[in-house]
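The sequence and the model are shown first, and the description follows.

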Amino acid sequence: MTRYIALFLTCFLLLTACGADETDTDLTNAESTPESALAAEDAIFADAPQPVIPTDDTVFDDHRDITLKWEWHRPLNDDEYFDVRIWQPGERDQTVSFVTEKELYVSDWLQTKPWGIYLWSVTAVTGEIGTDGKDAISPNSPIRRFIIGEIDSPRLNPVLVENGEAIYNNGITTADGNIIPSCLSCHTADGLDNALAPAIIGQWDRLEARNELLSVREYVHASLLDPNEFVPEGYGPWLMYQEYATILTDEQLRAVVEYTLSLAAQ
Ligand code: HEC
């Protein structure tokens, strides 16, 4: 009998101990601020606003004067924001801005992007801006599409073309004095294939045919990121300068790609 009482007591003590543990945890939670709880929690979607303007598949002549507008069924709380994302098909969506208004002027952001098809979406999110928790679009957020430039290719962003011309023709000198060779030093201005490099000028169709999985822009971009990945017949690897992708910024790369496309389209 005493054995049973001892057993009962042990069980009782154990249970109480567990109970006490739980109470401790509860207390810890209750003491933590809502902010830290949010930061730990990752994405919190308040809801999915409805995109209104531009209507689906609107075609803009250029990137100037594009404002996105959306509606939401209630005002935002103090710690809520609209996470506005824009991306091109096949790319990862990226946040352009967190805003509290129900519209966003996106022309400046688009200025250094290629023309073409863009997708956009808005999600209302809660919590601290800049933490990487809200790294997604709410599954309820509708995705809309707009197009910059004419539907027929090539659709080239003139701002990028202009920015890329100097790099193509002159190369660049880095801050520590390294001189990066110009594209023109091998892809010559006469527009002919030579021993140094294949021609670029007027070669849109040939570049388009080089890889059936890639658009011309993707192919040219890939040729800079990893010149040895696609080596056209008649040339060997390691002939093209290999370091553009490590030395040029993303924006400089996009610009020189766009200028190369403008030459290919001539
Ligand atoms: C040192 C000479 C050299 C320089 C400098 C150079 N290239 Fe090249 N490029 C080549 C050679 C050789 C090839 C072919 C072999 C290969 O793809 O690696 C090539 C291939 C290419 C291709 C693919 C052409 C095709 O017909 O498939 C593109 C596009 C290209 N280069 C763009 C550029 C751009 C843009 C720059 C400047 C940012 C540049 N190249 C600088 C030598 C050069």
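Two strands pair if DSSP finds at least two bridges between them. Helices (H or I, at least four residues) and strands (E, at least two) are DSSP runs, numbered from the N terminus. This is a predicted model, in which local features need pLDDT of at least 70, side-chain atom pairs count only at pLDDT 80 or more, and totals for chains, interfaces and linings use all residues. Residues are numbered from 1 along each chain as its sequence is written.

Three strands, in the order 2-4-7, form an open sheet with antiparallel pairing. Strand 2 (50-53) and strand 7 (103-105) stand at the edges with a single partner strand each, so one side of each is left without a neighbour in the sheet. Strand 4 (residues 67-71) pairs with strand 7 over three bridges in the antiparallel sense. Threonine 67 has tyrosine 105, in strand 7, as its bridge partner.

Helix 8 (residues 250-264) has 15 residues, and 11 of them are buried (20 or more other C-beta atoms within 10 Å of the residue's own, placed from the backbone), so the helix is largely enclosed by the rest of the structure. Among the buried residues are Arg254, Glu258 and Tyr259. Their cover (contact: C-beta atoms, placed from the backbone, within 7 Å) includes the helices tabulated here.

| Helix | Residues |
|---|---|
| helix 4 | 158-170 |
| helix 5 | 204-210 |
| helix 6 | 216-225 |

The ligand is surrounded by 28 residues, the closest being Cys183, Cys186, Ala197, Leu239 and Met240; a residue is near if its C-beta atom, placed from the backbone, lies within 6 Å. Helix 5, helix 6 and helix 8 each supply at least two residues of this shell.

Conventions: Buried ≥ 20, exposed ≤ 12 C-beta atoms within 10 Å, placed from the backbone. Contact = placed C-beta atoms within 7 Å.
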